[in-house]
4 protein chains.
Amino acid sequence: MKAGLLVLIALSSVYGTAMANGKPFAILHATVIDGTGREPVKDGAIVIRDGKIASVGSARTVDIPKDAVILDERGRFVVPGLMDANVHLTGNDDLESLIRFEHQYDRIALEAAQVTLKSGVTTVFDTAGAFDAVITARDRINRHEVVGSRIYFGGHIIGFGGPLSSDHTAAPLTSLTRSFIDRVNNRWVQGVGPELSWMGPDDVRGIVAGFAARPIDFLKYGASGHKEEQLITFSQRVQNVIVEDGHQVGKTVQAHAISPESFDMALNAGVDIVTHCDITGPDVVIPSDTLRKMRERGTFCSILPVTQRLVDSLVAKYGKDNNFVRHNIISRQNDRNLIAAGVPLMISTDGWLDNPIEAAESDYPRMDSRIILGEGIFNALVALEEIGMPPLEILKTATLNVAKGYRVDRDIGSLQVGKSADLVVLERDPLLAARNYRTIDLVIKEGNLIDRSVLPTDSVITSQQPSK
Amino acid sequence: MKAGLLVLIALSSVYGTAMANGKPFAILHATVIDGTGREPVKDGAIVIRDGKIASVGSARTVDIPKDAVILDERGRFVVPGLMDANVHLTGNDDLESLIRFEHQYDRIALEAAQVTLKSGVTTVFDTAGAFDAVITARDRINRHEVVGSRIYFGGHIIGFGGPLSSDHTAAPLTSLTRSFIDRVNNRWVQGVGPELSWMGPDDVRGIVAGFAARPIDFLKYGASGHKEEQLITFSQRVQNVIVEDGHQVGKTVQAHAISPESFDMALNAGVDIVTHCDITGPDVVIPSDTLRKMRERGTFCSILPVTQRLVDSLVAKYGKDNNFVRHNIISRQNDRNLIAAGVPLMISTDGWLDNPIEAAESDYPRMDSRIILGEGIFNALVALEEIGMPPLEILKTATLNVAKGYRVDRDIGSLQVGKSADLVVLERDPLLAARNYRTIDLVIKEGNLIDRSVLPTDSVITSQQPSK
Amino acid sequence: MKAGLLVLIALSSVYGTAMANGKPFAILHATVIDGTGREPVKDGAIVIRDGKIASVGSARTVDIPKDAVILDERGRFVVPGLMDANVHLTGNDDLESLIRFEHQYDRIALEAAQVTLKSGVTTVFDTAGAFDAVITARDRINRHEVVGSRIYFGGHIIGFGGPLSSDHTAAPLTSLTRSFIDRVNNRWVQGVGPELSWMGPDDVRGIVAGFAARPIDFLKYGASGHKEEQLITFSQRVQNVIVEDGHQVGKTVQAHAISPESFDMALNAGVDIVTHCDITGPDVVIPSDTLRKMRERGTFCSILPVTQRLVDSLVAKYGKDNNFVRHNIISRQNDRNLIAAGVPLMISTDGWLDNPIEAAESDYPRMDSRIILGEGIFNALVALEEIGMPPLEILKTATLNVAKGYRVDRDIGSLQVGKSADLVVLERDPLLAARNYRTIDLVIKEGNLIDRSVLPTDSVITSQQPSK
Amino acid sequence: MKAGLLVLIALSSVYGTAMANGKPFAILHATVIDGTGREPVKDGAIVIRDGKIASVGSARTVDIPKDAVILDERGRFVVPGLMDANVHLTGNDDLESLIRFEHQYDRIALEAAQVTLKSGVTTVFDTAGAFDAVITARDRINRHEVVGSRIYFGGHIIGFGGPLSSDHTAAPLTSLTRSFIDRVNNRWVQGVGPELSWMGPDDVRGIVAGFAARPIDFLKYGASGHKEEQLITFSQRVQNVIVEDGHQVGKTVQAHAISPESFDMALNAGVDIVTHCDITGPDVVIPSDTLRKMRERGTFCSILPVTQRLVDSLVAKYGKDNNFVRHNIISRQNDRNLIAAGVPLMISTDGWLDNPIEAAESDYPRMDSRIILGEGIFNALVALEEIGMPPLEILKTATLNVAKGYRVDRDIGSLQVGKSADLVVLERDPLLAARNYRTIDLVIKEGNLIDRSVLPTDSVITSQQPSK
C-alpha cells in the first residue's frame, strides 16, 4: 500500500471510503485491462470522479486533474469489478438455518454480499431467494447505508416451489408445522410457484405481469422442472407469455433450462439469458442446432464452470456412473462447445455462504468448489482457463458479458469512461494465470475504496462454530 | 334360456361355442339396439353366419335362412359387445404380485380378458402392461386357443418408467435387488422410457419408429408426466415426431395428458385419442378453447366416469381438499362439458383385476369403483347416465365410438352387416336405466356363445384368499 | 374479591404480593379442607405469618392476632396448593422449538411453572428436561426473583436418550447437523444416557453417584425401555445400584416402568416411587402380586388418570385395537385396581406447555387432555372421580401423597401448622364435584398472593400464533 | 482316489453310498485325529460297520475284519465330521426370497444342509428358521430319503419377532399385505414371539412348555433384545422359567445374549450354552467375573470367529468408529479372553446360503465372510488359528465341544468306538494350518460316502443368476 492510499484510508469507513474527500483521484502506472477484450494498456491511468470513470488510457496521454489524489499502482493490474451472473445470497436454506435464522435473512443477504465484495465481485445477480430479505439488503446497499456488492434481484424462479417443497428439498418435512412450511415457501415463492404450470397462457400472463411489476430487477422462470429436470415446466406459448411480460416492463428474462428440449423452447420464447446453459443432464451435450440458434439470436448463456480437479475428486468419491458426476462431466464438454460456437458467456457460481458447521461435518469435496461465495468465482475462472478460453475472454465472461446479458452495460461491466468506478487492483497478472485473480490488492466500488479487512461487518452464517 | 340354446350349449366348450355346427343362426324377437345411435328395433332379428352379422333388422323383414338355428329372445335386448378403451390387463403390479407371479403374467392377462368378457366386454384396449404377457394372451385369444375379450395392445406409455420406477410407485425399492427391478422395468418399458425425454426429435424418432414396428396395435405416449402430472414430458416437436412415427405404420396414436397445456400440445401433435382427457388436475377444467379445438379436429377422448356416490364416499373419507378427491370432482365437470361440446367420447375404466387380499385389507371405497375389471364398466355407464348423457349416446360411448377412435369400426363396434358378431343379450332395457347393462343373459363373441359360468377358466389373481 | 383483598392487591407485584406488609393475615369463614384426608372444617380459619401457616382450625377457636389483616372468604373453600408429581417444564422438544428456542429454554421452564401456578399447582416435580434451563428457572423462583410453581427437578431419566435420539423421536434427523443433535442430546442427557445399559453394576455406580451429586432434587431411571417399552433397561443388580446411589445422598429414587416385569424389578430395587405405574402396556394389568408387594413396601405410585370421554374420543379416532388407545384403557383399569389395593397414589400429568401452532394444526383430541400444563391437572382430578375415588382421597392424591412420596411432607402438602402457606381458595366445593377445582378464586404460595391475571409474565411458547 | 474307492462309488447314489454293500470297511494308514484333543495317530486305522465306528487306533494294532473293504488313505488325515453350532438353513429371508420362494423353504433348508455337508460339516444346529421347512428337511434327511448334514433344530428364538417384524428387518413393509406379513411371521415365530416379554413367569411358563413339547431338539431364547441389543428381553425369573421348561423335557437351552448384563442373567438362569457369547456390543468386552462364572458352571459358548483380514476390510470400508466394525473388533478380543479363561467353546457361523444375486450387487466384503454356509466354517477355523488357539483345540471346538454343549456327544463329535461314522478325510494336515480343512478328499456320514460332486442335488437359492 502506498502513501497516498494511507491518507485515503484514514478517511475511510466500513461503508467504503469516499475517496479523496470528493476530489478526483487517479490510479497511475498499473496495467489496465478494461474488460472489453481489448489488449491491456501498460503504464495506464484511470481518473475517477464522483464515483465514475472520468478518463482511462495510457498514463502518458491521459489528462490528470491538478487536484487529483494520485495512487501509484506501478507493477499491478487493474480490472473491472467482477460480476457473478447467478448467486443465491440467501441460499442457506437448510432446515436448521431456516428455523434458527428465520428473522435474520436480511442480515444473511448482506453478509453474502459482503463476502462477495471482499473477493472483488462488485456486482451479483441473485436469481432467487428470501424475497423481502434480499430486497432489504439490496436497497440498503444502494442507499449506501451499508457496504456490499451491488445486487440485482430476480425474486423467484417462476414455476418452482419454495425451500420446503418437494420440488426443492429431500428433507422430510413431517416434523415441521404447516404454519412454518407455508411461511417459508410463501416468502420465497411470492405467488409464482408450481401452480402456474397447471395454467394456460392467459392466466399465467396476469400473474407474471403482477410479479414483474414488483421491485425486482429481472425475471427468471423454470423451463425445465427442478427435480424432474428433464421434464418441461411450461408449454411454448406460456413461455412466450412470460418473456413478453418481462420485456413489457423493460426487464430481462432468463430461463432455468436443463434438458435440451426445454433449452430450445426457451430460445424460441426469446429469453435474454439461458441460466447454467452448460447443464444439460447426465448424458447429452447441447445439440449443435441449439448452439447455432443461440449464437444467431445472441442469447447469453450463464455457465457454471468446474475444474478438472473437482471432477476428479467427485469421480473418486461417487464413481463415474453417478448422476451428479456425469452432470459435471457433461457441463465441461458443453463449456468447450459453447466457446467454440462463439456463444456469449457469463460466469456464474450459483453460490451461497458456506456454513462452517456443514463444512466440518460434510465429506463433500470442498476443494475447488464453485458454489461457495467468495471462493467459487476464482475456481470458476480457473476452470475456464483449463478448457482453453483465452485470458481476455475469461475476463469478459466475468465482467462485460454479464453486464451486456443483463442489459446494464451502459453503467457497469468495463473500465470505460462514464461507467461506475468498480474496479479491482491485482498484485499479479490475471492474463498470465487465472489464479492471479486471487491476488487482490484493492477493491473499489463506485469510486469508494473498500476496507476488505472488516468484511463481513456482521455475520450470521460464516461465524458459526461446530460443536467440539 | 330357451330350448334352442340348450342344444347349442351342448356343443359348447370353454373356448366358446361354435354355434350351430357351422350353420347360420338367428336371434329373433329381441329389441335390437345397434350401437350406432339409431333408435332400437323392437321385435328385431339378427342373422349370424361364419362369425359375422349376415343381416340385421326387423324380424318381419329380415330373411331368415332355412337352415338357421333360431334363438327366440323375445322380451330381451341385444346390444353390441361392449368395449373398454383403456385397461391394464397386467395392472397387478404391486410388489408382492410382481415377485410372486413374475412368470405368470400371461396367465394374469388372460384371466383379466376373461373377467372382462364375462361382463359383456368383447373388446379391450390395453394401453400399457407386461409386454410379452399381454401379447401372448392376445395372440392365444386371436388364435382361438383360449377364450377372452379381443385385445388390442399399445405396449407401453412412451416416456414413462416401469412399475418399479419412481415414476410409478411410492413403494420403497431399497430391499429389492437391482436385477429384479431392472428385469421388471425392462419388461414393461421396452426401451421407450423416461430417457426419451432427454432427447431431441431426431433421436426420439428413431427409437419410436423401432417400437412402432413391434407387434403392438397402437401407440400411446405421455404428454404429461406421470407423477409430476402438471409437467410436460415432451416438447411439441417431439410429440409431433411420435405421432408421425405411429401414423407412418398405420397405427393410431394417443396421449396421456393431464394438464391443460399438455392436452393442447397433444391436440396440436395430431393425436387420434386423448386418454382420460377428463382428468385435468385438481383445480382447473378443460379450457373452452381446447374443447373447441378437439371437436374441430374430431379427436376422440377416452374418459373415466365416476359416480356421484363414489365421489361422496371419497369426500367422506379424505375430505374435500384432498388432491385425489378434487381430481374426481373436476373430472365429472369435464365430462359434462365434453358432452355439451360434442366431443366424441369413449368409455374407459383404466381397470385391472381386483386382488382379493388387497380388497380385504384396504379401506379404499370399492363401492362403485371404476378400476375393477368386470365391475368398473357398469359403474362407468351409470356415471354417464347420472350426468345426463342420453341413453343411446352412452351405448355409443361404450361401442361404436371406441371402435371409431381406434379405427377398427370396419370390423367391430356396432350391430351392422359384415361386422363381427360380438353382442350381448340383456334381460332388461339398458336405455331405461344404465344399471340394466348388468342384466346379461348371453354374451356372443365372433358368433360364439360364451359360457360365462366357467370364466375365468384359470385364476392367478382373483382366486387368492386373505389369511384369516 | 373482598375489600380487604383490594388493599392487598395494591401492594402486590408480579412476583407475588408480600401480604399485608409483613403483618400476619387470616383467611376466615371458608371451609378448610386440609389435604390430610380429615373431614373439612366449616367456618374455618387459617392464620399465616412469615409465609407459613401459623394456625388452622375453626374460626371460633383459632386465635386471630390483633394486627392481622382479615380476608373474609365466607362461602368459599380452602385447599392446599396442588402438586403435580410428574411434569416436563421443557417438554416442548419438537424440532422447530428445539432449534428456534435453543437459547430460551430457561424462559420456557419459567413460563411453564407460571402456567401451572396460575392453575393452583404450587409445586411441580419435573422428572426430565433441558438441564441448565430447569435449574435456572427453579433457582430463580426459589430466590424469589420470579414467581412460579416451586420446582423439584430430577434432571434426566437415567438410561434414556435425549430429545434427538431414536429413543425419543420418530422425527428423521437426516437434515440436522451432528453438532446440533449432540448439543441438544447432551444438554438433556448429562452423561447418564443409554450407554449405561451396556455397563455392569460397578461402572454404573460411579456414573450415577456423580450424577446424584449434581444440583438435582431426586433421581429417576428407566426400568423399562422408552420406545421398546416391554424390554428391560437395567438388570436387577444395576437397578439396585442406582437406587442405592440416590439414597446415599438422601434423594428419593423413582423408576419409569411400563412392563410388569420391569415394575416388579423396580420394586425389588427399593424405589420410592414407580412413575406412571398405571401404564403397563396395551394388554395386561398390574398383576395382583405386584400390587400386594407395592402396598407392603409402601412404594408410592404416580399415576396418569384419563377421563372416559378422552378414551372415547381416542377410540372413535384410532379404533379400539390401536396400541395407544389400549394403553389408556388398561391404565384406567389399573387405577381402579390400585385404589382397591390401597397403594398410595400421586397424581401426575406428564404435561408440558401446549404449543398453539401444534394445537391449531393437530387433530389429536385436546378435549380432556391430561398432558397440557395448566389444564391437565383438572382433567386428571375429574378422571379420578369418575373411577370412584373418594373426594378426600382425590385431594390427598394431588397434595399430601405427592409430598410424602417425594419426602417433602415436612414442609408442604397440607394445611398444617408450620408448613409453607401454599393454598388455593375455590369458589365451589371440590368435594361435591372434582370439576370445582377449576373455580379458583385465589392462589397463595408461601404466604404470597399470586396475581394470576399476569401469568405467564413472559411467553415463549404459549403466545405463538399459527400462520393464517 | 484309490481303486477301492472306485468300486464303492459305483454303488453310490446321491443319497450317500451304502459303503461296501453292508460289509464293514476300513480306512487305513491315514493320520487319525479323533477330535478329543488327543495326539494324532499316524498310520491309523478306522473300522466302520453298520454306520458306526467299530474300532479305531493304530493300523498296526487294530483288528481289520476279514471281509472288510479296505480304503488306503496313506498320507491323508482323518478328522471327525465338522459341526456348526449355529446356522440358519432358511436364513434367506430377504423380501424377494420370502415372496418368491414362500412354498420352497423346505427345499432351501435341504439345499443349505447339502451345501454344509459338501464342506465336511456333517452336523448343523439350526437355531431359528421357517419352522415347518426345517423340520421337513431334518426329518427327510434322518429318514435317509435325501442326503444332507444332520440337523438339530431349535425352532425360534423365544421372545423375538419374525423376519417381517421391526425386530428383524429395516425393510419398509408398507407395500406388503398384512396377510403375507402375518403368514411369514407366524411361520417363523410359532407363538413364542415378543408378546412374551410383556408377561410374567407364570404365563411364560405355560407357553414355553407348550413350545418345548413340539418336535424341536433344543431351546433358544433371547436374553438381550435383537435390535435393542443392550436391553434385556426377560427378567431373571422369566429366564429361569424358560430354562426349567426346556430342561424339564430333556432339551438343552441356550440364550442369545449380547450385553454383559444379559449374559450374566443367562448364566444365572442356568443355560447350557450362551450363543455368540463373544459378541458383547461395540465397546465392552466380557467382564472377568462373567468369564469366571462361566468356566465354573461349565457353560458352553458358541462363538463367531472372524479373521483379521475381514476386520481390516470392514475398517477400510466403514471406518473404525462404525458400530458393526467395533462389534467385530470386540468379538476377537473376547475370543482371546475366552480361550485364556478356559471356557469350552463351540464354533459357529450364524450362516445361511449365499444368494448369488445379492453377491453380485452387494459391495459388502465377502472375502473371509463367516456367514456364508459352506465357506464360513473354514474362515472361522482360520480365525481361531490367528488368535492363537492350539490346533487340537480348534478341531475340538468344531467337533466334540459342539456335541458336548448340545449333549449329543454319546453319538457324535469324535472318532470313538460306537459313535456314528461321521468323518472327513483331508489331503493336507489341518494341524499344520487351519486352511487345510479346505483340502477335503472324502466326506463320510453315518458310514456312507457322500458324493460331494452332486451337491446340492437341487437348488433354489444358489443357482440363481443376476440379470446382466
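Analyst: Contact here means heavy atoms within 4.5 Å. Helices (H or I, at least four residues) and strands (E, at least two) are DSSP runs, numbered from the N terminus. This is a predicted model, in which local features need pLDDT of at least 70 and side-chain atom pairs count only at pLDDT 80 or more, whereas totals for chains, interfaces and linings use all residues. Residues are numbered from 1 along each chain as its sequence is written, chains are lettered from A and ligands numbered from 1 in the order in which they are written, and side-chain values use heavy atoms, with hydrogens and water left out.

User: What makes residues of helix 9 of chain A count as buried, and which are they?

Analyst: Buried means under 20% relative accessible area, exposed over 50%, and partly exposed in between (1.4 Å probe, protein chains only). In helix 9 (residues 288–297) of chain A, A:T290, A:L291, A:K293 and A:M294 are buried. They cover an arc of only 165 degrees, taken from the directions from the helix axis to the C-beta atoms, and therefore lie on the same side of helix 9 of chain A. On the other side, A:S288 and A:E296 are exposed.

User: Which elements do the buried residues of helix 9 of chain A pack against?

Analyst: Their partners in chain A are helix 8 (260–269), strand 14 (273–275), strand 15 (300–303) and helix 11 (323–341).
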